[in-house]
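Good morning, and thank you for coming. I would like to take you through one structure, from its overall layout down to individual side chains. Please look at the display as we begin.

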Amino acid sequence: MSSSISAVTSVTSQQSSGLDALMRDMARSIEEQEKAFRDSFAEGLKPGGELMGIPKHVRDQFKLWDETFTNPEERKLVAELKSRIIEISTNTQEYIGERVTQNAKKFQLEMAMKAAGKATSGIQQLLSAQ
């Protein structure tokens, strides 16, 4: 007869239950969701990303202009046009960044309010059940 002995670290501890465990689980879940939202916003706001960078069709047009116009006067006009387009793109990026930040803060506040409301509701239900 042989018996298997497992390492202490492989033995799972009994999960606690009750209000403390519920609150810990809720807090962990909310933190995970908030982290996912923050990561999503950070990814979208990267300067070289699809949303914040100069669009591909504009970069392609810049390349086409560079290949097409060879006269120094034309190149000067193209350079001026490109700088204006880049300036507009930069202003747009700043605007998008500000709006996303404002919306993220608003969304974070709404989520916190909902979480507090649900936690309060859950506690009231638990207390009324006892």
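This is a predicted model: local features need pLDDT of at least 70, side-chain atom pairs count only at pLDDT 80 or more; totals for chains, interfaces and linings use all residues.

**Salt bridges and helix packing**

A search of the whole structure finds five salt bridges.

Let us begin with the overall layout. The protein contains three helices and zero strands. Reading from the N terminus, the order of elements is α-α-α. The protein has 130 residues, and 10% of them count as buried. Consider next the contacts between residues at least 6 apart in sequence: 60% of these join residues at least 24 apart.

I now turn to helix 3. Helix 3 covers residues 72–129, which amounts to 58 residues. From its first C-alpha to its last it reaches 83 Å, close to the 86 Å expected at 1.5 Å a residue. Which residues of helix 3 are buried? They are V78, K82, S89, G97, V100, A104 and A119. These buried residues pack against two partners, namely helix 1 (19–44) and helix 2 (56–68).

How do helix 2 and helix 3 lie relative to each other? Their axes are 11 Å apart, and the packing angle is about 170 degrees. An angle over 145 degrees counts as roughly antiparallel, and helix 2 and helix 3 are therefore roughly antiparallel to each other. On the side of helix 2, the contact is made by V58, F62, W65 and D66. Helix 3 contributes R75, V78, L81, K82, I85 and I86. Sorted by class, this contact of helix 2 with helix 3 has seven nonpolar residues, three charged residues and no polar ones.

W65 is placed in helix 2. Is W65 buried or exposed? Its relative accessibility is 17%, so W65 counts as buried. Setting aside neighbours within four places in sequence, W65 is in contact with V78, L81, K82 and I85. For W65 and V78, which are 13 residues apart along the chain, the C-alpha atoms are separated by 7.1 Å.

The next residue is K82, which lies in helix 3. Not counting residues up to four places away in sequence, K82 touches F62, W65 and D66. With D66, the side chain of K82 meets in a salt bridge, at 2.9 Å from N to O. This pair links distant parts of the chain, since D66 is in helix 2 and K82 is in helix 3, 16 residues apart. Why does K82 count as buried? The cut-off for buried is under 20% relative accessible area, and K82 is at 18%, so it counts as buried.

In one of them, the side chains of D25 and R28 meet at 3.0 Å, N to O. How far apart are D25 and R28 in helix 1? They are three residues apart, so about one helical turn separates them. D25 counts as partly exposed because its relative accessibility is 40%. R28 is also partly exposed, with a relative accessible area of 44%.

In the other, K35 forms a salt bridge with D39, and the closest N and O atoms are 2.8 Å apart. Both residues lie in helix 1, four residues apart, which is about one turn of the helix. K35 is at 45% relative accessibility and therefore counts as partly exposed. D39 has a relative accessible area of 42% and is likewise partly exposed.

I shall finish with S89, another residue that lies in helix 3. S89 is buried, with a relative accessible area of 13%. Leaving aside neighbours within four places in sequence, S89 is in contact with G53 and I54.

To review the main points: helix 2 and helix 3 are roughly antiparallel to each other. W65 of helix 2 and K82 of helix 3 both take part in their contact. Thank you for your attention.

Notes:
Residues are numbered from 1 along each chain as its sequence is written. Side-chain values use heavy atoms; hydrogens and water are left out. Helices (H or I, at least four residues) and strands (E, at least two) are DSSP runs, numbered from the N terminus. The expected span of a helix is 1.5 Å times one less than its number of residues. Buried means under 20% relative accessible area, exposed over 50%, partly exposed in between (1.4 Å probe, protein chains only). Contact means heavy atoms within 4.5 Å. Axes are lines fitted to C-alpha atoms, for helices over the stretch in contact, and angles run from 0 to 180 degrees between N-to-C directions. Angles under 35 degrees count as roughly parallel, over 145 as roughly antiparallel, 65 to 115 as roughly perpendicular and the rest as oblique. Ala, Val, Leu, Ile, Met, Phe, Trp, Tyr, Cys and Pro count as nonpolar, Asp, Glu, Lys and Arg as charged, and the others, Gly among them, as polar. A salt bridge is a side-chain nitrogen of Lys or Arg within 4 Å of a carboxyl oxygen of Asp or Glu.
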